[in-house]
Amino acid sequence: MKLTLTAEQEQFAAALHAMLTEADTPTVARRWAADDPAPGQVLWRRLAELGVTGLAVPARWGGLTAHPADVVVACEELGHHALPGPAAESIAALPALFTALGDDALCDAWLPRLASGEVLGTLAVAPHVPYATDADVASLVLRADERTLRLGVPGPRRRSVDDTRRVAEVADGALLASGPAVGPAVAHALNAGALACAAQLLGAGHALLETTLRYAGQRTQFGQPIGQFQAVKHQLADVAIDLEFARPLLYAAAVALADHPSTAARDVSAAKIACADAAQRAARTALQVHGAIGYARESGLGSWLTRVWALARTWGTQSWHRDRIRTALAAGDLT
Amino acid sequence: MNLDLDDETRAFRAEVRSWLAANVPATQLPPIDTPEGDLAHRAWERHLAAAGLSVVAWPTAYGGRGFSPLQWLIFEEEYHRARAPVRINQNGLFLLAPTLFTHGTAEQRARLLPRMARADDVWAQAWSEPEAGSDLAGIRSRAVRADGGWLLSGQKTWSSRAAQADRAFGLFRTGADRHHGLTYLMFDLRAEGVSVRPIHQLGGATGFAEIFLDQVFVPDADVLGEVHQGWTVAMSTAGHERGLSLRSPGRFTAAAGRLVRLWRRAGPHADPALSDRVVDGWIAARAYQLHSYGTATQEAADRIPEPPPRPGRDDRPGRTGSPTSRGGDHAASMTKVFWSELDVALHEAALDLLGPYAETGGLRTDPTGRGADDGDADAWLDGYLFSLAGPIYAGTNEIQRTVIAERVLGLPRDRR
């Protein structure tokens, strides 16, 4: 039994945090949103050098064959810094999809390039992930359903509430795979993507809490920091509690994805629900405590708020995830 | 990361499960606050102790088995899953004992713990006073120096188990300083000068009482920690009460399991909004369970270092002891808010599933399938009344949120 990070995982997270802090990720994100993805692509190559893009890729194709918990550690840090780019797709979902399909030709063609960071990949899976994120930046765009996997042809970019998410609908391109293996592989990819998404939400939630604690300690009204008022304190305490108790669900879902396929869907859904709920509470509270300045673009709070709003509803809505747990519980799957 | 139990822990779980299956009384014991119930629950504790299962995480010297925090969590899961009797000595086992391990002398531990493990002494807590609830440092009951000990005078209230317990522990004023003029004392509830008046609760039970003290003598040997240092000692006990020790996750995973079974019986009658609450209750109970697994199995190097042993405290448990003895009191505040809100939510969902049958605690059989199963009639209603006390006792959740904001999150302190 081990449900906390190892020293190596702590160091990995700290290294990512240091790198993303030093790289001035907010500026990179603004340029990504403003049709200048080059600095972001540089940052993604540096993440590749640290091993992030190869975590979920088997060693046979140049990756690290890492545990899903390592993917969770990385994605939480990317969410913490609101890094732009198709993280859940390229780091988690596509490696899971290709390896689960077991099609060596597809693996040979794409996994080494995803692992090395040469290729950023993205994916649309109707109905849960209707848009391919960053389809105009990614060099591999896929479109999957229960029966087929195809290349995707991106339509025009649509405006997301999170302007760093360059989303587009995708039309069918060339057929890559069909048949009975596709459904389970897509389901596995959805779980891997949802888990990576949940990890980003937890990271974003923590960033919102930290930023808000700093602000509440500095902003003075009635002659005292607003963080001294109980009405503010208690809201922030509730945010901290939600984030604290979402994390073990995230780790347990990573364990299930690796070792317990029969409960993976249920456990990933529990993690996604808890992380999305916690992050949304963090977002709502962060804005409320900041007051009007939180609405102003200059505060920078918006990058995290809009990321949370978008991620909380993709890779499966809260209702869809609750429905998966309901199904498991109705079948008697309690432990 | 993994969630697998090692062979020793799996074997322990199997042992506990089969022992409980063979020994938990088929019918519920009489209510704990009646004379018959008191005797029956004390007898149950002796039975548990004889089987080596009353205090599994304590050192063997005191009647325990020296098991790890994780094994203690597993024991609790099995205990609640089997719906075994309420622990009549929970104030002693889960609140006083961890404090004795941290602050007591070797003499106190040797004298008090084995008797506690067999329920020879049942303990009550004596914290609150009429004018000192959330503001615990405002207590007025006094301990005055006497030959060889102290004389206690004053009034305690909301004192759990006091109507039937043998002994009690609490804070008494020994000096003027608000926090540094308090001393932690243990006293005999049958001593001269003690009178106890039971208080009838919402559900009619008399689980707590008022204690009136008039010049009650307590020997020096029953001072826990240093004189005037009672606040520090008490805060460590309060930490245990807030954290895992008193309300272990097993209690809530068992309740969530029963809720899911109740919901399954309602089947197509259950409305979707109610089903969502069942799902959310199950998620939260599991979150608490997983969180405690993480705390209990964190490698020694990751843990907050324990203070070095002091003279006379050579037999402090190292590997053993309840999980909360390893965490800070302030993190326990997060746990306390979480489990107390969870408990209310689970019971509210159950009552809503029972619908119009909730007011009578459900029916065993009824045409709509809404009746409670597993002999649960009354259990949900009683449990609901009890759960409502959770956000109030052990420091209200308002106090806990302030503690979290100030001590965990570092926000500036209130003007109190």
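Thr65(A) lies in the loop of chain A between helix 3 (38-49) and helix 4 (68-80); helices (H or I, at least four residues) and strands (E, at least two) are DSSP runs, numbered from the N terminus. The model is predicted, so local features need pLDDT of at least 70 and side-chain atom pairs count only at pLDDT 80 or more, while totals for chains, interfaces and linings use all residues. Residues are numbered from 1 along each chain as its sequence is written, and chains are lettered from A and ligands numbered from 1 in the order in which they are written.

**Backbone features**

Although Thr65(A) is not a glycine, its phi is positive, about 45°. A residue is buried if 20 or more other C-beta atoms, placed from the backbone, lie within 10 Å of its own, exposed if 12 or fewer, and partly exposed in between. Thr65(A) is partly exposed because 14 other C-beta atoms lie within 10 Å. In chain B, Arg83(B) is not a glycine either, and has a positive phi of about 55°. Arg83(B) is placed in the loop between helix 3 (69-81) and helix 4 (90-103) of chain B. The table sets out the positive phi values.

| Residue | Phi |
|---|---|
| Thr65(A) | about 45° |
| Arg83(B) | about 55° |
| Gly410(B) | near 80° |

Arg83(B) counts as partly exposed, because it has 16 C-beta neighbours inside 10 Å. Gly410(B) follows helix 11 of chain B. The buried residues of this helix include Asn397(B), Arg401(B) and Ile404(B). In chain A, a cis peptide bond with omega of about 0° joins Ala126(A) and Pro127(A). Pro127(A) belongs to the loop between strand 1 (121-125) and strand 2 (132-133) of chain A.

Chain A contains 12 helices and seven strands. Its radius of gyration, taken over C-alpha atoms, is 19 Å, close to the 20 Å that the globule rule gives for 335 residues, so chain A is as compact as a globular protein of that length; the rule is 2.2 Å times the number of residues to the power 0.38. Of the 335 residues of chain A, 56% count as buried.

A nonpolar core is a set of buried Ala, Val, Leu, Ile, Met, Phe, Trp, Tyr and Cys residues joined through C-beta atoms within 7 Å. The largest such core has 227 residues, and Leu195(A) and Leu250(A) have the most contacts inside it. Helix 7 (residues 182-218) of chain A contributes the largest share of this core, 21 residues. Two residues are in contact if their C-beta atoms, placed from the backbone, lie within 7 Å. Apart from neighbours within four places in sequence, the contacts of Leu250(A) include Val72(A), Ala198(A) and Cys275(A).

Chain B is divided into domain 1 (7-88), domain 2 (123-230) and domain 3 (243-408), with bounds from an automatic or database domain assignment. The C-alpha centres of domain 1 and domain 2 of chain B are 29 Å apart.

The contact between the chains takes 37 residues from chain B and 37 residues from chain A. On the side of chain B that touches chain A, helix 8 of chain B gives the most, with 13 residues. This side has 21 nonpolar, nine polar and seven charged residues. Here Ala, Val, Leu, Ile, Met, Phe, Trp, Tyr, Cys and Pro count as nonpolar, Asp, Glu, Lys and Arg as charged, and the others, Gly among them, as polar.
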